[in-house]
Amino acid sequence: MSHKRVTASDGVSLAVHESGDPAAPTVLAVHGYPDDHTVWDGVVAELADRFHVVSYDVRGAGESTAPASRAGYRLDQLAADLAAVAAAVSPRRPVHLLAHDWGSIQAWHAVTGGALDGGVASFTSISGPDLDHAGAWFRSRLRRPTPRRLRELFTQLAASGYIGFFQLPGLPELAWRSGLLPRAMSLLTRGDAGLRRPATSDAVRGLGLYRENMLSHLTRPRPARAEVPVQVLAPTRDPFVTAPLQSDLAGWVPEPRVRRIPGGHWLPRSHPGVVARCVTELVEHVEGGGEPAPALRRARERAAARDRHGGSLVVITGAGSGIGRATALAFADRGARVVVADRDEPSAVDTCRQVAGRGAGVGIPYRVDVADAEAMAGFAKWVLAEHGVPDVVVNNAGIGMAGPFAETTLDEWRRIIDVNLWGVIHGCRVFGAPMVAHGEGGRIVNIASAAAYLPSRALPAYSTTKSAVLMLSECLRGELAEHGIGVVAVCPGFVHTNITATTRFVGTDDTEQDRRQRATYAAYGRRNYTPERAAREIVRAVERNTALAPVTPEARLGLALSRLTPAVLRAAARREINL
């Protein structure tokens, strides 16, 4: 790392820190309040082997000097500082801006206000909206109110309450010097690994940022367009800047890219690898042209989508028929790109034809046997290479089996365990680890059954595998929650699907097997709870991140009874049911 000083137009001396090859594209990182350049240390370490990475202490922070008056913190001056640093560290080629919090606010002002005309190749913004865009955003919620827009408005107003406090004379300074404000921040951002206690002098001086800029820009906004490639990394657990305020860029940015990252406000410190990857994907796309990385492409699609799942990648096993097919169509109808996997390739292709016929999402067929560990590993490798890391994985493939325990052969046990349990384990393994490393959260959906909590002498093998799937899901949910990945166990009851016509009845000859399959299929048909209704419940469970989602009324009743009166269910399990 090398160091230099850049003198601002009003004489303030800015401390600048450089890493990496100066001949490489320059990534210029701007920190927020009340931080200094060290907030980027982890990101710099990740990027310096590819790029020329520059960070600097903004005026009044770290090793930089402070302005003579509070007016020196106005956005026009901050934008001029940014332009001066960019010219000093990359005089012959545009820089790629990376900014957080107030660094992002001033970067937006520089990009939209002309201070960096022609000098910016791309801009990655984290937890810091353009103040004029924010002012327009608040007004739009009031002028065109809907329940969702009003909820977003009041949520952001509650999060922004500290801004009003910072306008008061004397009290914010006292709160910083007494240690009350650092303690309050720790409580408010509990669990945010990136929070560091700032230097008190930096925090006190930086109050000028709020007092010189907030009210004028929020109450009299003059929003302008940013004519450069922009991506927004919006932390989902940011207590100060909500994701809707950061990501609603329609009209202000050409082809914005939005990524919601599971994390708190100090994303550069808590998730440096994720930030570095996102920046690398944008910089390499801008510098090299060509097709963007799959995640970057989906970030653009997601920002432009009208549907909730627009731009999402959904992987579904057993999607050639039944609940899997209906779920694929449901996600596709909401704008998702769906990888339709099934052991029966013609069925998967047919599902994709139906997706195409509805004109919303995209279906991609793939043949795979979920019981084959090597095949599932190859499937995941193909998905990751061709389409990127999934947002949603639905482990749906399964088979049915009924009959007494004593008549169930070892081969029959192996087969149902291989498909119903190992198939889910394989799906969670091959996609779960990449989703964790990707750092953008997601959902893993495991299709269990109401039989997981309803004991029956008629279904010992089937119920055992589904109970294992349910417990696996509960354990994984606890493990993956910190990564923003929700694990959803779906427990259908009697759903009219083809599985009932292919259920194996142990200890029977071919004639009896055929008779029971036909009878069971007919009974489920009379019940007529369709796969489409089940798919709607699955999509809703994904959106709500429901831990356990019983599907069908009998599944809900059975779940309630399993918790309130398990002895009744154990007694019912002794009764013989003719299937």
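Q: Why is Cys-475 called partly exposed?
A: In this predicted model, Cys-475 has a relative accessible area of 48%. Buried means under 20% and exposed means over 50%. The value of 48% falls in between, so Cys-475 is partly exposed.

Q: How do you know that Cys-475 is in no disulfide?
A: The nearest cysteine sulfur is that of Cys-428, and it is 11 Å away. A disulfide needs two cysteine sulfur atoms within 2.5 Å. The structure as a whole holds zero disulfides.

Q: What makes Cys-352 count as buried?
A: Cys-352 has 8% relative accessibility. The limit for buried is under 20%, so Cys-352 counts as buried.

Q: Why is Ser-463 called buried?
A: The relative accessibility of Ser-463 is 8%. This is under 20%, so Ser-463 counts as buried. Ser-463 is found in helix 19, which covers residues 460-480.

Q: What is Ser-463 in contact with, leaving aside its neighbours within four places in sequence?
A: Ser-463 is in contact with Ala-451, Ala-452 and Leu-454. Contact here requires heavy atoms within 4.5 Å.

Q: Why does Ala-451 count as buried?
A: Ala-451 has 11% relative accessibility. That value is under 20%, so Ala-451 counts as buried. The residue sits in the loop between strand 14 (442-447) and helix 19.

Q: Which residues does Ala-451 contact, leaving aside its neighbours within four places in sequence?
A: Ala-451 is in contact with Tyr-462, Ser-463 and Ser-467. Ala-451 and Lys-466 are 15 residues apart in sequence, with their C-alpha atoms 6.7 Å apart in space.

Q: What makes Thr-112 a buried residue?
A: Thr-112 is at 17% relative accessibility. The cut-off is under 20%, so Thr-112 counts as buried. Thr-112 lies in helix 3, residues 102-113.

Q: Which residues are in contact with Thr-112, leaving aside its neighbours within four places in sequence?
A: They are Asp-130, His-133, Ala-224, Arg-225 and Ala-226. As for Glu-18, which is 94 residues from Thr-112 along the chain, the two C-alpha atoms are separated by 26 Å.

Q: Why is Asp-41 called partly exposed?
A: Asp-41 has 40% relative accessibility. Buried would need a value under 20% and exposed a value over 50%. Since 40% is in between, Asp-41 counts as partly exposed. Asp-41 lies in helix 1. From C-alpha to C-alpha, Asp-41 and Glu-407 are 64 Å apart in space, and in sequence they are 366 residues apart.

Q: How do you know that Ser-127 is buried?
A: Ser-127 is at 1% relative accessibility. This is under 20%, so Ser-127 counts as buried. The loop between strand 6 (120-126) and helix 4 (131-143) holds Ser-127.

Q: What makes the phi of Ser-127 worth a note?
A: Phi is near 55° at Ser-127, a positive value in a residue other than glycine. Glu-255 also has a positive phi, of about 50°, and is not a glycine. Glu-255 lies in the loop between helix 11 (243-247) and strand 8 (257-261).

Q: How do you know that the peptide bond between Tyr-33 and Pro-34 is cis?
A: Its omega is about 0°, and the bond that joins Tyr-33 and Pro-34 is cis. Pro-34 lies in the loop between strand 3 (26-30) and helix 1 (41-47).

Q: Which residues touch the most other members of the largest nonpolar core?
A: Tyr-33, Leu-98 and Trp-102 do, in a core of 47 residues. Helix 13 (residues 272-288) gives the largest share of this core, six residues. Another core lies apart from it and has 37 residues, among them Val-393, Ala-452, Leu-470 and Ile-485.

Q: What does Leu-98 touch, not counting residues up to four places away in sequence?
A: Its list includes Val-27, Leu-28, Trp-40, Ile-126, Val-275 and Val-279.

Q: How many of the residues in the protein chain are buried?
A: Buried residues make up 54% of the 579 residues. The chain has 24 helices and 17 strands.

Definitions and conventions
Residues numbered from 1 in each chain as written. Predicted model: local features only at pLDDT ≥ 70, side-chain atom pairs only at ≥ 80, totals over all residues. Heavy atoms only, no water. Core = buried A, V, L, I, M, F, W, Y, C linked by side-chain atoms within 4.5 Å. Buried < 20%, exposed > 50% of the residue type's maximum accessible area, 1.4 Å probe, protein only. Helix = DSSP H or I, 4+ residues; strand = E, 2+ residues; numbered from the N terminus.
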